[in-house]
Amino acid sequence: MKLDTSIALMERARKIIPAGVNSPVRAYLSVGGHPPFIREAKGAYITDVDGNTYIDYVASWGPMILGHAHPRVVEALNDATRRGTSYGAPTPLEVEMAEEIVAAVPSMDWVRMVSSGTEATMSALRLARGYTGHNKIIKFEGCYHGHVDSLLVKAGSGGMTFGTPDSAGVPQGLARETLVARYNDLTSVEELFMNYPGEIAAVIVEPIAGNMGMIPPGAGFLEGLRDMTRKNGALLIFDEVITGFRVGLSGAQGLYGIDPDMTCLGKIIGGGLPVGAFGGKSDIMKAIAPLGPVYQAGTLSGNPLAVTAGLTTLRILKEEGVYKQLEEKAAYLAKGVKTAFKDAGISIQSHRVGSMFCNFFTDTPVRDYDTAKASDTGLFGRYFTGMLNEGIYMAPSQFETGFVSLAHTREDLDRTIEAVSKVLRGL
Ligand SMILES: *Cc1c(COP(=O)(O)O)cnc(C)c1O
């Protein structure tokens, strides 16, 4: 595979952009090799500047559930652009968008649009703190909620139950307000509630973890969080930035039947443009400015182009049979891939929820960050590079989730399964 143009662009980029990229995972540091620079994408395919075309399972990290450049989204955007790209004033589109969201996600009475998932979780935390009057937050090790200071926190060492910064520049004092529990382990959450009675504003969780590979919630985990937060006067925040409109119209909360106090959305609801949203029970949302004392704002919030792309995407997703199709495609792929690994004698932990999938290179069950980290990342890296050479574009890290889109055809899935067999033979 020729990547000359990408390599030349990377040389130029590195002189003026940190590591040549605008988001770290794109630099391919954990898998090695050169990231293709992308020229265009259509449907299930993504094409780089050297003319290599790949079957895409990254989907821009989740948003492109319809496939790239869906004709209806493109047409809606073209129309919208001619009417102006930003007004900084209320628009009918925002009302329609909010109506679509609250109709699909029953726990959300009210919603406010922002411009990224990070902004959504940051605002939700501030609101939770402002509403409850408590400062501490519980998050789970391995869950990612954007690059919010309070959430770039990892578990402290030894006997410490409070978190320590997971990034330079996050003040230790702020990190101490974030407590870190173990995913799928209710006891670890219970201990924190016992150690900090009356101090916890919220528990924030990815109801299906999608940023340490993909790990579904174990039986009773989300229900337990719901009970514990209610009992202790803390809010339950579902970060559905990935899972919202991905595993169903009402997200993971619909799939598992949980009623969180607040929900963060992003990715799919922007249809590929920069969007986030946070919302929840109206008595909580009333605390947001200008109705209440918790400040939050955004110059481009509810931007007409972003909302147009998102709204068009949501309307297509509401059509009959869409999630059934996604389920069937992803199940077909997962089954074929699993068989290919089995035939090659390489043991993996194969996870799938709807159109989200992940194969951990380990022979022990994965249910939290520590067990995910047991994966053989060296082997994953060789597998990743092999797949890229075969024209299959996957996330360049073991600790990401793959996405099937509506645009993947049976032929694409068969080609992918054949590529897996071929690559595994060469490992
Ligand atoms: C991607 C992601 C975010 C952050 O969204 P950005 O738009 O990248 O800021 C937050 N939470 C989860 C679960 C995500 O996957």
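This is a predicted model: local features need pLDDT of at least 70, side-chain atom pairs count only at pLDDT 80 or more; totals for chains, interfaces and linings use all residues.
View 1. Domain 1 gives 30 residues to the contact, and domain 2 gives 32 residues. Contact here means heavy atoms within 4.5 Å.

**View 2. Domain 1 and domain 2 bury area between them.** The buried area is about 2,600 Å², with 67% of it on carbon and sulfur atoms. Buried area is the accessible area (1.4 Å probe) that two parts lose on being put together, summed over both. Nine residue pairs are in polar contact across this interface, both residues at pLDDT 80 or more. A polar contact is a pair of N or O atoms within 3.5 Å; within protein, one must be able to donate a hydrogen and the other to accept it, and residues adjacent in sequence count only if both atoms are side-chain atoms.

**View 3. Arginine 182 and aspartate 370 form a salt bridge.** Their closest N and O atoms are 3.1 Å apart. A salt bridge is a side-chain nitrogen of Lys or Arg within 4 Å of a carboxyl oxygen of Asp or Glu. Between domain 1 and domain 2, the count is two salt bridges.

**Notes.** Residues are numbered from 1 along each chain as its sequence is written, and side-chain values use heavy atoms, without hydrogens and water. Local features need pLDDT of at least 70 and side-chain atom pairs pLDDT 80 or more, while totals for chains, interfaces and linings use all residues.
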